[in-house]
Amino acid sequence: MKTKVANAELNSYVCNASGIKDVAYEELKAIAESNSAAIVMKSCTPEPRSGNEEPRYMRLPFGAIQSMGLPNLGYKEYIRIAAELKKYRKPIIASVAGLSPDDFPKIVRAFQNSDVNLIEVNLSCPNLEGKPQIAYDFNAADELLGSISNLGYKPIGIKLPPYYDLAHFKKIADIIKSHNISFITCINSVGNTLAIDPENETPLIKPKSGLGGLSGGYIKNIALANVKIFRELLGNRISIFGVGGINSGTDAFEFLLAGADAVQIGTVFEKEGIHCFRRINEEFESIMKRKGYGSVLEARGNLKYL
Ligand code: DHB
């Protein structure tokens, strides 16, 4: 069940998603030693950050809500960590965030001269107060991609928020195609949602008056549609990581039918721990076998119509 994202070869279809248990070296080492097909690191900023006030992550019956606020060690530390993790010989994927437009080229340039294999640029963090999600501002996204896409030879991808309107899909797809972008990762959490504790009469999380990114099973169908629509709009030259509510091998297989080259696991990794990669991968292999598919590419985008 090998697969490829841009020029990176993954030994299986399943890896971790940025943002869950991937801030510190020990956590990343655990991912390196697990069945995750890649090591995706926490989105990083120029300087270390401790993130938003707690409580900032709460599990919900079918997923989670969070407003972490980009706690991370700063990009220089992730460059050092990537050098340590190189020996595991699996793709290392940096995740780049920023607080201002200039942060992005600065960090991307630094990762271009590092041991990471792919650079995922996060245009969709919903949790910074007063900072709109870049991917929802098409002019800003176009400009930002222009500033980062030709700084070196390592493939650049972008992490996208969910879109809901077909005109918006078309717009962002055209922007992506006009730059040197090798892969997309979709979707990030659904931003600015609210979960309430009715007894306390308060939100479940503290930052942003309780507003946070929704993830897990609640967003799987939004994610599937985003993968499918982008596969159609972008063609086969741009790879797609599917993310959002993948909890089983069957979920992963649905993302394959929609057109994903590989999937990333976030919310379920937080809940189940490191074993989830082996479990979901084994379930995925067994459904592929049962259906007679000999490879990922054979089934990719095979969704039929009624
Ligand atoms: C955070 C959340 C995100 O959805 C993201 O893409 C990056 C960072 C956060 O709050 O830490």
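Mentor: Let us begin with the polar contact, which is a pair of N or O atoms within 3.5 Å; within protein, one must be able to donate a hydrogen and the other to accept it, and residues adjacent in sequence count only if both atoms are side-chain atoms. Here an N or O atom in the side chain of Asn-122 is 2.7 Å from an oxygen atom of the ligand. This is a predicted model, in which local features need pLDDT of at least 70 and side-chain atom pairs count only at pLDDT 80 or more, while totals for chains, interfaces and linings use all residues. Residues are numbered from 1 along each chain as its sequence is written, and side-chain values use heavy atoms, with hydrogens and water left out.

Trainee: How many nonpolar, polar and charged residues are in the shell around the ligand?

Mentor: For such classes, Ala, Val, Leu, Ile, Met, Phe, Trp, Tyr, Cys and Pro count as nonpolar, Asp, Glu, Lys and Arg as charged, and the others, Gly among them, as polar. The shell has five nonpolar, six polar and one charged residues. Residues that surround the ligand have a heavy atom within 4 Å of it, and among them are Lys-42, Gln-66 and Met-68.

Trainee: Where does the ligand sit?

Mentor: On a 1 Å grid over the protein atoms alone, a cavity is a set of points where a 1.4 Å probe fits but cannot get out, and a pocket is an open set with protein on both sides within 12 Å along at least five of seven lines; lining residues have an atom within 4 Å of a point. A molecule sits in one of these if more than half of its atoms lie within 2 Å of its grid points, and the ligand sits in the largest cavity.

Trainee: What is the volume of the largest cavity, and which residues are the closest to its centre?

Mentor: A volume is the space filled by probe spheres set on the points, which are joined across faces, edges and corners. The largest cavity holds about 490 Å³, and of its 31 lining residues, Ser-18, Gly-19, Gln-66, Asn-188 and Ser-189 are the closest to its centre. The largest pocket has a volume of about 410 Å³.
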